[in-house]
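These are my notebook entries on a single structure. I record what I looked up, item by item.

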Amino acid sequence: MIRTTYREALRQGLREALARDPRVFLMGEDVGRYGGTYAVSKGLLEEFGEQRIRDTPLSELSFVAAGIGAALGGMRPIVEVMTVNFSLLALDPLMNTAATLRHMSGGQFSVPLVLRMATGAGRQLAAQHSHSLEGWYAHIPGLKILAPATLEDARGMLWPALQDPDPVLIFEHSTLYNLEGVLDEGVAVDIHSARVRREGGDLTLVTYGGSLGKALAAAGQLAGEGISVEVIDLRVLHPLDDATLMASVRKTRRLLVVDEGWRSGSLAAEIIARVVEQGFYELDAPPARVCSQEVPVPYAKHLEDAALPQVPGIVAAARELLGRA
């Protein structure tokens, strides 16, 4: 048990992967001499050298495509994209090559690529650096989508992701890098299942990534009102762990989803649709969701806060779902 930060946990995961497998290397903008935009890779260049920690030109299209080529060639690349908005520049090689090649080759080729990127808002980085687009990527067959929200997941998801024969995208919420806590180094981490982070019996609250802390805070506040909330951390956004979701909904009979993505076409909508399809008669109330306002993320702090899911809004939605508004 050690006290550390989310950033340090990510760095520890990188260091362990680089030490365990000589095929592993890290590439991306400013990951070497600068130490990474969020200082996650600081010190790794000095420790592992320029062959293993590679700075790239500012061209997401080219270096993500190069990572795909390296994976096809037998390497285990970890490609870092500075922010999720910029990953759209690499959507063509990700969707049309990495995600499809196993299918198009009849299983003859795989792309064991890991792509890391910062996602989400809350740091006043405005509309070109702040969106939550992981739900878009979760729409694409052939990609596995991870969203570590805890120190254990930040450290432990990388190695199993590198063992996956297909592309894995890891979305690190930008507000979590300074998160401090105690890391249990003995915790085994998988990249297949959701986790129940708080047990409850009155309401299932489903979320992931940067919204997990808000969901737990809302559950704590509701507990003071006699409302028992079960909080589920999705962790894996594609493929979704339907079994864990349904087991909780069958127990609580009510569902609230908190998703920092926009409401229309959101991951929250997919979760609600699945629960209704699989357990309509288990529900005692229509499912509800709290999503970001459908606007580009504002720069001004008060407007940014107003655009995102916050604890008071989650609490209000839970009360309404339980008929206590």
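Which residues form a nonpolar patch on the surface? I found Val276, Phe280 and Tyr281, with about 370 Å² of accessible area together. The model is a predicted one. I placed Val276 in helix H12 (residues 267–279). Val276 is partly exposed, its relative accessible area being 30%.

Next I turned to helix H3. Helix H3 covers residues 60–72, and its 13 residues should span 18 Å at 1.5 Å a residue. I noted that the end C-alpha atoms are 18 Å apart, which agrees. As buried residues of H3 I listed Glu60, Phe63, Val64, Gly67, Ile68, Ala70 and Ala71. Seen down the axis of H3, these buried residues fall within an arc of 160 degrees, so they line one face of the helix. I then looked up what covers them: the cover includes strands E2 (24–28), E4 (76–81) and E5 (114–119), together with helices H4 (84–87) and H5 (91–98). After H3 comes Gly74, with a positive phi near 105 degrees.

I also checked the backbone elsewhere. Asp30 has a positive phi near 65 degrees, although it is a residue other than glycine. I located Asp30 in the loop between E2 and helix H2 (44–48), and Asp30 is partly exposed at a relative accessible area of 33%. For Ala126, phi is positive and near 65 degrees. Ala126 sits in the loop between E5 and helix H7 (134–137); its relative accessible area is 23%, hence partly exposed.

Last, I recorded a cis peptide bond between His238 and Pro239, with omega about 0 degrees. Pro239 belongs to the loop between strand E12 (236–238) and helix H11 (242–252).

Conventions: Residues are numbered from 1 along each chain as its sequence is written. This is a predicted model: local features need pLDDT of at least 70, side-chain atom pairs count only at pLDDT 80 or more; totals for chains, interfaces and linings use all residues. Side-chain values use heavy atoms; hydrogens and water are left out. Patches are made of residues with over 30% relative accessible area and no salt bridge: like charges are joined within 9 Å, nonpolar side chains (Val, Leu, Ile, Met, Phe, Trp, Tyr) within 5 Å. Accessible areas come from the Shrake-Rupley method with a 1.4 Å probe; for residues, only the protein chains shown count as cover. A salt bridge is a side-chain nitrogen of Lys or Arg within 4 Å of a carboxyl oxygen of Asp or Glu. Helices (H or I, at least four residues) and strands (E, at least two) are DSSP runs, numbered from the N terminus. Buried means under 20% relative accessible area, exposed over 50%, partly exposed in between (1.4 Å probe, protein chains only). The expected span of a helix is 1.5 Å times one less than its number of residues. The arc is that of the directions from the helix axis to the C-beta atoms. Contact means heavy atoms within 4.5 Å.
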